[in-house]
Each structure stands twice: as C-alpha cells, then as structure tokens.
Amino acid sequence: MTDAKVELADLEERFAEVRGCRLRYLVGGEGEPLMLVHGLGGGAANWLALAPLLLPDRRLLVPELPGHGGSAPLPAAPSLNVYADRLGLLLEHEAMAPAAVVGHSLGGAISLRLAIRRPGVVSSLVLAGAAGISSGARSVRYALTITGIVKPGRRIAPYRRRIARSDRLKRLVFGRWGASDPAALPPDLVEAFLAGPARHTDTVSAATALVRDDPRTDLDRVQCPSLVLWGARDNQLPVGDAFDYARRLQARLRVIADCGHLLIAERPEACADAISEFLAGEPPVPPRLDRGAQI
C-alpha cells in the first residue's frame, strides 16, 4: 500500500495504460467531475489537505504525472502537450469529461495546455500558483537544471518523518521557495510532500518541457471560465505572474494572504472556499484582508 493511498483514504487507487504510459491515479466521490494536477516533483499526496474539502458533491480524479510517483515515464517529452494529452485521455477513460481542472505550479501549466488543446474536455480552470510565465527565466532554468541533477527531493525523502517533526528542518527544506511559514506546516502535510520523490523516475523531462513553454501567446485560445489563485508571499513564482494570467485570461483573481508557493497546503480552507465559490458560479466577494483579495 503506497503513501498516497494511505493519506487520501477516501479515494481509490487505480492504474491505466494511456498512450503507452502507465499512469497511477486516485479517484472517488460522487457529483461534478474535478481533476487535481500536482506540480513538478510532486504527487497525488500533495492534495492531502485540499482534496477532502473539495470531495463533497464532486467526483475527484487525482493523477500522478508521467515520471512522478507511481506513474511511468514518457518515452519522449518534447513539450508539455504530451502530458496534457494523456490527462485528457485519462478523463475520458474515467468518463469524467468535461471536468473542472485545478492545476498547481507545473500542473497549472499542463492544465492550461489541456484547456487549449482539448477545450471540450475542460469545463473550467483553476490556476494555483501556476508555472509558465516566469518559468523560462534564466534563473529558473538554472535552478531546475541543478534540481534535476542533484535530485534533493529523493535524497531527503527517507528522512521525511524526522523533517516533519522539526521546525528547523522544515525551514531548511521548505523555506524561501515553498512555504511562507514552514514551521507551521503540519507533520502529515510535510510527509505528504516529501513522500513522492522517492518513487520518481523522471522529473527532468517535465522540467525541461516547462522551461521551453511560454503560454502567453496562446492564452486567448482558452475558452472556459478561469480562476487564478496565488499565494501573496510566493517567492518562487511572483504574484505579478498572477496578475498577468488574470489579465490575459480575463479571469478572476484571488490572492491569498499569509502563504507562499505551497498555498494548497498552507491555506487549504481558503483555497477550497475560492475554488468552490468559483465552480458554483458565485459572484466575486468584496476584498477580505484575512483571506486575500479577489477581483
């Protein structure tokens, strides 16, 4: 029994062969279909805090991207399109298309490509700290290259339980790039984020495809309603990217206070509120200092 199976106990573990790639995913619940797509170096367990809040009245599909977790690597990955295409086919395999799609970080960039290439598959789109706009910057390319070579996630994964119970180690692992207040991350969420890297087989291909991708010229092709969700203290992808996405997509924007790039773990209740309001078609609420601003 895998870590993610234990952590997302209300969802069923499944595997599917999708265009020559064996994908691992979790599925469960009844109602409107919703797919959650994790970020680079992540896995299904990244949604540990948020998935249960979104499960009522929805059927969730939580895939692990090719090369991540229990999913096999792709034979070739020249662009993010090959990741997006397989997610679209997986939705159809589970008879869940069209579905709302929430993508975090790399998952946001892939979800965008899915909405562009398969508009009939994506009914609405939520970009949570989405990569894409700043991902081609030289500093980002350098950081992703070094990460791919050193593989820090795999090196620290065996020590995840010790890290989860030490404020100092949580700051060392998640500080600056990840969480606004790493010490405040609950131990189970720390373990959820560190469990996947031990099983990764190829994250470098996804990172390489990401730095080659610039979605800005294609954003006018997104046909579905969109919400841009961002951490106010995201030091990995600047909040300016959120405003750029919102402007180009003519999308709602919610900036959530007191969290960084790992907003889906740091402020899951605020994320769930924003996503549920958006999917329900509720009008934007006035700005709230304790929850961030929505426009």
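A salt bridge here is a side-chain nitrogen of Lys or Arg within 4 Å of a carboxyl oxygen of Asp or Glu. On that basis, the side chains of E191 and R165 form a salt bridge, at 2.9 Å from N to O. Before I go on, this is a predicted model, where local features need pLDDT of at least 70 and side-chain atom pairs count only at pLDDT 80 or more, while totals for chains, interfaces and linings use all residues. Residues are numbered from 1 along each chain as its sequence is written, and side-chain values use heavy atoms, with hydrogens and water left out.

Back to that pair. Helices (H or I, at least four residues) and strands (E, at least two) are DSSP runs, numbered from the N terminus. E191 sits in helix α9, residues 187-195, and R165 in the loop between α7 (160-164) and α8 (167-174). The two are 26 residues apart, and the pair links distant parts of the chain. For burial, I use relative accessible area with a 1.4 Å probe and protein chains only: buried is under 20%, exposed is over 50%, and partly exposed is in between. E191 counts as buried, at 12% relative accessibility. R165 counts as exposed, at 58%.

The next pair is E92 and R118, whose side chains meet in a salt bridge at 2.3 Å, N to O. E92 belongs to helix α3 (residues 81-93) and R118 to the loop between α4 and β6 (122-128), so this pair ties together parts that are 26 residues apart in sequence. Both ends are partly exposed: E92 has a relative accessible area of 37%, and R118 has 25%.

D167 and K170 make a local pair. Their closest N and O atoms are 3.8 Å apart, in a salt bridge. They are 3 residues apart in helix α8, so about one helical turn separates them. D167 is partly exposed at 39%, whereas K170 counts as buried at 4%. There is also a network: salt bridges that share partners join E13, R24, E64 and R199. The whole structure has 19 salt bridges.

Now the chain as a whole. How many helices and strands does the chain have? The secondary structure comes to 13 helices and 9 strands. The chain has 295 residues, of which 58% count as buried. Its accessible surface is about 12,400 Å², with 52% of that belonging to carbon and sulfur atoms; the areas come from the Shrake-Rupley method with a 1.4 Å probe, and for residues only the protein chains shown count as cover. Contact means heavy atoms within 4.5 Å. Among contacts between residues at least 6 apart in sequence, 74% join residues at least 24 apart.

On to the interior. A nonpolar core is a set of buried Ala, Val, Leu, Ile, Met, Phe, Trp, Tyr and Cys residues joined through side-chain atoms within 4.5 Å. The largest one has 52 residues, and L125 and Y245 touch the most other members. Helix α4 (residues 106-117) gives the most to this core, with 7 residues. A second, separate core has 46 residues, including L11, L169, A179 and I275. Leaving aside neighbours within four places in sequence, L125 is in contact with several residues, among them V101, L112, V222, C224 and F278.

Two residues remain. First, is S71 buried or exposed? At 2% relative accessibility, S71 counts as buried. S71 lies in the loop between β4 (58-63) and α3. A polar contact is a pair of N or O atoms within 3.5 Å; within protein, one must be able to donate a hydrogen and the other to accept it, and residues adjacent in sequence count only if both atoms are side-chain atoms. The S71 side chain reaches the backbone nitrogen of R24 at 2.9 Å and the backbone oxygen of E64 at 2.6 Å. S71 and R22 are 49 residues apart in sequence, with their C-alpha atoms 5.9 Å apart in space.

H261 is buried, with a relative accessible area of 2%. Its side chain makes a polar contact of 2.9 Å with the side chain of S105. Not counting residues up to four places away in sequence, H261 touches residues including H104, S105, G129, W177, D234 and E266.
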